[in-house]
Amino acid sequence: MANVQVFQRHAHLAGAVKLEFVNGREGKIAKGVLTAISNTRRGSGDSREEESTAIQWTLWGKQAENAAEYLGKGSHVNIVGRLRNNNYEKDGETVYGMAFTAEEIDYLDSRAESEARRNGGQGAEGVPTARSGESAAPAASTRKPRSARQPAHADA
């Protein structure tokens, strides 16, 4: 079965990462599920409208554990992954579905923004932090190093 590579750029999380541990081939493995929303603008002039696309991604292993620890509702991310056809038969009828598995995640928020989300709007010292639009640092300089972005493990 062929896989299709999917890019979701400049997305924000609709909620917290849901983390659970499932039985894999070599014992327990972390499985994380997150919903990322991207907004795009369509049309031109007065007919220009915003369109939102929400994708539910599955993450595996250490990548899922890190996402659950460092990401929260509203976190900004770029995600690269694969789309897989997930069709099956039920009661003699074909049920059509798609599964999205994340292979790479870029954390776009600064450390202060990330800590503020986890602490309910308070920074590391308990001081309120700037909103995402007020940050002086560019998003590219706040990404985790490439070595921190781990590839996803095979589906369990």
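Reader: Hi! Trp57 and Phe100: buried or exposed?
Author: Both Trp57 and Phe100 are buried. Buried here is under 20% relative accessible area, exposed is over 50%, and partly exposed is in between, with a 1.4 Å probe and protein chains only. Keep in mind that this is a predicted model, where local features need pLDDT of at least 70, side-chain atom pairs count only at pLDDT 80 or more, and totals for chains, interfaces and linings use all residues. Residues are numbered from 1 along each chain as its sequence is written, and side-chain values use heavy atoms, leaving out hydrogens and water.

Reader: What kind of aromatic pair do Trp57 and Phe100 form?
Author: The count comes to one aromatic pair. Trp57 and Phe100 make an edge-to-face pair, 5.5 Å centre to centre with 65 degrees between the planes. The rule takes rings of Phe, Tyr and Trp (its six-membered ring) with centres within 6.5 Å; planes under 30 degrees apart are stacked, over 60 edge-to-face, and the rest tilted.

Reader: And which strands do Trp57 and Phe100 lie in?
Author: Trp57 is in strand E4 and Phe100 in strand E8, so the pair ties together parts that are 43 residues apart in sequence. Strands (E, at least two residues) and helices (H or I, at least four) are DSSP runs, numbered from the N terminus.

Reader: Which residues touch the most other members of the largest nonpolar core?
Author: Leu34, Trp57, Ile79 and Ile105 do, in a core of 20 residues. Two or more residues each come from E1, strand E3 (27–42), strand E4 (49–60), helix H1 (61–70), strand E5 (76–85) and strand E8 (98–107). E8 gives the largest share, four residues. Such a core is a set of buried Ala, Val, Leu, Ile, Met, Phe, Trp, Tyr and Cys residues joined through side-chain atoms within 4.5 Å.

Reader: What does Leu34 touch?
Author: Leaving aside residues up to four places away in sequence, Leu34 touches Leu13, Val17, Ile55, Gln56, Trp57, Leu59, Ile79 and Ile105. A contact means heavy atoms within 4.5 Å.

Reader: Nice. Zooming out, what pattern does the chain follow?
Author: Along the sequence the pattern is β-β-β-β-α-β-β-β-β-α, with two helices and eight strands. Of the 156 residues, 32% count as buried.

Reader: Switching to charges, how many salt bridges does the structure hold?
Author: Four, each being a side-chain nitrogen of Lys or Arg within 4 Å of a carboxyl oxygen of Asp or Glu. Among them, Arg41 pairs with Glu50, with the closest N and O atoms 2.7 Å apart, and Arg42 pairs with Glu51 at 3.4 Å. Glu50 is partly exposed at 44% relative accessible area, as is Arg42 at 48%.

Reader: How are Glu65 and Lys62 placed in helix H1?
Author: Glu65 and Lys62 are three residues apart in H1, which means about one helical turn between them. Their side chains meet in a salt bridge of 4.0 Å, N to O.

Reader: One more spot: where does Ala14 lie?
Author: Ala14 sits in the loop between strand E1 (4–13) and strand E2 (18–24). Ala14 touches Thr35, Ile37 and Lys73, not counting residues up to four places away in sequence. Its relative accessibility is 34%, so Ala14 counts as partly exposed.
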